[in-house]
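Hi,

Here is the structure I promised to pass on. Have a look first, then read my notes below.

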Amino acid sequence: MQTFGQQLINGLSLGSIYALLALGYTMVYGIIKLINFAHGDIYMLGAFWGYYSINYFHFNFWLALFSAMVVCAIIGVVIEYFAYRPLRHSARITALITAIGVSFLLENGMSYLVGANARSFPQAIRVVTYHWLGLRVSNIQLLILGTACALMILLELIIKRTKMGKAMRAVSVDPEAAQLVGINLNQTISFTFALGSAMAGAAGVLIGLYYNSIDPLMGMTPGIKAFVAAVIGGIGSVPGASLGGFIIGLLETAVQAVGLSAYKDAVVYFVLIVILLVLPAGIFGKRTREKV
Amino acid sequence: MRFSSRVKSNLAWLGVMVSGFVIIDGLEVARVINPFIENMLVTIGINVILAVGLNLIIGFAGQFSLGHAGFMAIGAYATGIMTQTMSTPLGFFLSMGVGMVLAMVAAVIVGIPTLRLRGDYLAIATMGAAEIIRILINNLKITNGAAGLFNIPALVSWATVYVLMCVTTLVTVNFIHSRGGRAVMAVREDELAAGAMGINTTRWKLAAFVFGAATAAIGGSLHAAYIQTIAPDDFNIMASIAILIIVVLGGVGSITGTFVAAIVLSVLDTVLQNFGTIRMIIYSLALILIMIFKPTGLLGSWEFSFKRVFSRREVTSHE
């Protein structure tokens, strides 16, 4: 029971990172049907911004988190403007290859600028471990879980309660009809990228604090897993992405806990395939009836 | 004696293939081709084999597969394991056959459930399947785990790669021009309409997928026997993406484009070797710029055809 509780806590903190990343994938996919391969690398940039802002500008943790979100939002908008906007009307596979190109560019650009070696993330917050009912919970884990949940609720509010959120939902249903009722398509898509990239930036700073090690290629695997999380949850659905992230995090921790850590990725992909076969649109995805 | 344009085009292609072989052989004898260039040529050949198969799946059958490297791994490991006990050319071809059969079986197992999915969902599912194959290889004893296999006997020369490249391309192109190829393209254009016309859509999608997997296994076998070292990490998602890039850059649905892109990318890679660390930056920028300014790929869906050249000439001579 104790190990179960312990693994549950570990899984939830890992899962909340995946969930934050998956939100960006799901929003971008929902609105322009693009698998934004560069999303994982924006998370890496967020981690590096946190590293430099804490080490050189002596920001405290919250300021680093907030500034990383702002910086990543700007980077996301710039990437969309230069790399994806010119391709909005071409085949989707072309946009996908461009996204892969952007991902390579960010990874190799950062390797070139700062070196490919892993570096340790500054300890912006002193680690305190609480012992409670025999479980070990660090304040960092609580912080990650709390921040992630707060950001997810904030995002849900933005999408459901604000005018811009309504515009985003309208564009994801039908871009042309949305334009007819006076929604600015470019602005809405830019806003979506800003929101998603801000979440990725926050996830980057949080993972830096949790794992204590960052490098330019750190975004690759979590990026793909977060996309898997978004697909499991039902792509385009915000609660789905959060749920998918937690499922992946818990699943990975559970497989590791039973001593099969070599197979943890295989189990994740296997569950993905099974879920897609049973629910082709993911858990919360909308089923679309096919028209002739 | 007058030949029809079909016979003439077949003869022309035969001529192109034979003269390509003779030219490379001549340059090899004249020592113009050093081991460095030969390595590049073999890489081009293997990439063409891999990308032609993937182009059949993506460009002609319209199924977005991101798991090509998984099937390549099966072929590579079949050769790597079998040629250690049978170190003869016959052993190599036997191992290639075994790899192809295993890859086809794996493709059927993966394809029957996942090919019901569409577009990006299929891509993610096939990517997951390829990763499962890689992780299994990574943890099995017979494949020597994460360290991989080394000292694989060198049973493959550039000539083997060249001949197999020609054979795979010929078989693929003939499939595309056959009844099966037309069925597959009908499924790509409109699955519902194709089904209504009596085409068994699942069967033809699966056929293209299995065919592509077999060519991937050939590419993998050649890779293992030429490079002589393989490790599970050679067949990760990035390897699948590298093949996908060749297909999209050349033009989805153009075999000629696949050849051009495989050559352009290999030459670019070789030239950029001199640039050291900024090599990958230039490569990624080139990729982004080509996609932005030429979104349909270098050749779009244009296909070079001797038959068209000859029939055009015939029409003009009749006039």
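First, a term: the radius of gyration is taken over C-alpha atoms, and the globule rule is 2.2 Å times the number of residues to the power 0.38. Chain A has 292 residues, so a compact globule would come out near 19 Å, and chain A agrees with its 19 Å.

Some housekeeping. This is a predicted model, where local features need pLDDT of at least 70 and side-chain atom pairs count only at pLDDT 80 or more, while totals for chains, interfaces and linings use all residues. Residues are numbered from 1 along each chain as its sequence is written, and chains are lettered from A and ligands numbered from 1 in the order in which they are written.

Now chain A. Its C-alpha atoms fill a box of roughly 60 × 45 × 35 Å along the principal axes. You'll find eleven helices and four strands there (DSSP runs, numbered from the N terminus: H or I of at least four residues for helices, E of at least two for strands).

Where do chains A and B meet? The contact takes 33 residues from chain A and 30 residues from chain B (two residues are in contact if their C-beta atoms, placed from the backbone, lie within 7 Å). On the chain A side, helices H4 (92-114), H9 (220-233) and H11 (264-278) each supply at least two residues, and H4(A) gives the largest share, twelve residues.

Finally, chain B: residues 39-62 are 92% helix and 0% strand, with end C-alpha atoms 32 Å apart. Residues 206-227 of chain B are 100% helix and 0% strand, and their end C-alpha atoms are 31 Å apart.

Cheers
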